[in-house]
Each structure stands twice: as structure tokens, then as C-alpha cells.
Amino acid sequence: MMSERDIARGCKRGKADAQRALFDRYSPLLMAKIFSYVGNDDDAKDVLQDSFIKAYTMIDSFAWAGDGSLQAWLTRIAVNTAINFLRSRKRLSSLTIDTADLDDPPPDMMEEATVAEVNSLDASTILEMVAELPDGYRTVFNLYCLDGYSHREIAEQLGINEKSSSSQLARAKALLAHKIKNYINEHNNYNHYEQQHEK
């Protein structure tokens, strides 16, 4: 199997086997990352293709900085491509609204799941819930919680102010906690129903 460094070198030389290795090794990871931003498979596949086209054409700008640096570089391309896709579809317009009323989550979202309840869910279930968040909430949540951007960096990336970023994050977390709580309650009610009918 080709090393990450060999893949990068081969891609810079335009070698087809290296380009194929780049796609085969990193497409599952990038697909999951892109899906977390755009929220559905069809759009994620389109963005994935665009991300690799950009990677192949921009590979000369990549500077090796040790193992993991190629993956990090590809991930940044994928995230930027996903955000540009959402922006081109006008799906981030909600981020530019007046956020004076977004400082606090609404009352019906205040019931949060406990840490134990969250830990009882598998990652795929939680990621599905993240994908269901409104586009603006989901984008800020992913940038801050999953990709480690600061509110200042998010504001620069999305063309909003830092207050909007922090408000959107608070709403995203509240809505996600609400979804988790509802899921667990429904699951518990179903289990209780099943137990009653087994007696």
C-alpha cells in the first residue's frame, strides 16, 4: 500500500495510480465529512467529486508536513467546498439574519439529554440527528464542535459576526439535545410497550 507521502508525490507527478490511491483511501472519510455539512447523500456525492477535482488541480500547493498532513489538507478542501455549495444554493442565508432573538434557546428546547443518555447512542445515530439540523445551525455546529474552528474563524469563513456564530451554535446544541431527548424517550416508551405485551 502506498504511503501518504508517496500518494502526494505521485499526484504531483500526475500519476494515475497515485490519484486512484488518493481517492480510494480518503473518499470514505471525506464523504462522511461532507455529508455532515450538506445533509444528504446526493449533494454529498456531488461535493465529493468537486472536492477531489480541486485536490487534483491544487496538489502542487500541498506542502508535506508529516503523516496526516495530506488528510488534513483534503479535509479543509472538502469543508470549504461543502460550504461554498451551501452558499451557492442560498442555504446559509439564515446566518445573516438579525440574531438578537437567538441569544437563548426557546423554552421548548431547554430539556437536555444527560451525558449517560448521549453516550448510550451510537455515533451514526447522533450524526443523523446533526444532519437533520437546519443548514445554518449544522454548519456552525460542525465548524466549531467537529472541526475546531473558533467563533472568529467561523465568522470570517461564513461572512457573519461572532455573535451570530455563538448564537447559532447555542441554538444548534439546544435543538440537537432536544432531538436526543425525544429519541431516547420514544425508545424507552417502545421498550416499555414491548415488555408489557410480553407478559
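**Entry 1. Surface and overall make-up**

I began with the surface: the chain exposes about 11200 Å², and carbon and sulfur atoms supply 50% of it. Areas here come from the Shrake-Rupley method with a 1.4 Å probe; for residues, only the protein chains shown count as cover. I note that this is a predicted model, in which local features need pLDDT of at least 70 and side-chain atom pairs count only at pLDDT 80 or more, while totals for chains, interfaces and linings use all residues. Residues are numbered from 1 along each chain as its sequence is written, and side-chain values use heavy atoms, with hydrogens and water left out.

I looked up the secondary structure next and found nine helices and zero strands. Helices (H or I, at least four residues) and strands (E, at least two) are DSSP runs, numbered from the N terminus. Of the 199 residues, 42% count as buried. Buried means under 20% relative accessible area, exposed over 50%, and partly exposed in between (1.4 Å probe, protein chains only). I also checked contacts, meaning heavy atoms within 4.5 Å. Among those between residues at least 6 apart in sequence, 71% join residues at least 24 apart.

**Entry 2. The nonpolar core**

I looked up the largest nonpolar core and found 51 residues in it. Such a core is a set of buried Ala, Val, Leu, Ile, Met, Phe, Trp, Tyr and Cys residues joined through side-chain atoms within 4.5 Å. The residues with the most contacts inside this core are Leu22, Val38, Leu70, Trp73, Leu74, Leu143 and Leu158. The helices that each supply at least two of its residues include α1 (4-12), α2 (16-38), α7 (135-146) and α9 (162-198). The largest share, 10 residues, comes from α4.

**Entry 3. Helix α4**

Does the length of α4 fit its 20 residues, or what span should I expect? At 1.5 Å a residue they should span 28 Å, and the end C-alpha atoms are 28 Å apart, which agrees. The expected span is 1.5 Å times one less than the number of residues. Just after α4, lysine 90 takes a positive phi of about 60°.

Within α4 (residues 69-88) I looked up threonine 81. Threonine 81 counts as buried because its relative accessibility is 5%. Leaving out residues up to four places away in sequence, threonine 81 touches Val47, Asp50, Ser51 and Lys54. With that same exclusion, tryptophan 73 touches Ala55, Met58, Ile59, Ser61 and Phe62.

**Entry 4. Aromatic pairs**

I counted three aromatic pairs. Rings of Phe, Tyr and Trp (its six-membered ring) pair if their centres lie within 6.5 Å; planes under 30 degrees apart count as stacked, over 60 as edge-to-face and the rest as tilted. Phenylalanine 52 and tyrosine 56 form a tilted pair, 6.1 Å centre to centre with 40° between the planes. They are four residues apart in helix α3 (residues 41-58), so about one helical turn separates them. Phenylalanine 52 is buried at 3% relative accessibility, whereas tyrosine 56 is partly exposed at 28%.

Phenylalanine 62 and tryptophan 73 form another tilted pair, at 5.4 Å and 55°. Phenylalanine 62 lies in the loop between α3 and α4 and tryptophan 73 in helix α4, so this pair ties together parts 11 residues apart in sequence. Both residues are buried. I also noted that ring pairs link Phe23, Phe52 and Tyr56 into a cluster.

**Entry 5. Salt bridges**

I counted six salt bridges, each being a side-chain nitrogen of Lys or Arg within 4 Å of a carboxyl oxygen of Asp or Glu.

- Aspartate 147 meets lysine 33 at 2.4 Å, N to O. Aspartate 147 lies in the loop between α7 and α8 and lysine 33 in helix α2, so the pair ties together parts 114 residues apart in sequence. Aspartate 147 is partly exposed at 22%, and lysine 33 is buried at 16%.
- Aspartate 135 meets arginine 91 at 3.0 Å, N to O. Aspartate 135 is in helix α7 and arginine 91 in the loop between α4 and α5 (115-119), so parts 44 residues apart are tied together. Asp43, Arg91, Asp135 and Arg138 are linked in a network of salt bridges.
- Lysine 179 pairs with glutamate 132, their closest N and O atoms being 3.3 Å apart. Lysine 179 is in helix α9 and glutamate 132 in the loop between α6 and α7, 47 residues apart. Glutamate 132 is exposed at 52%.
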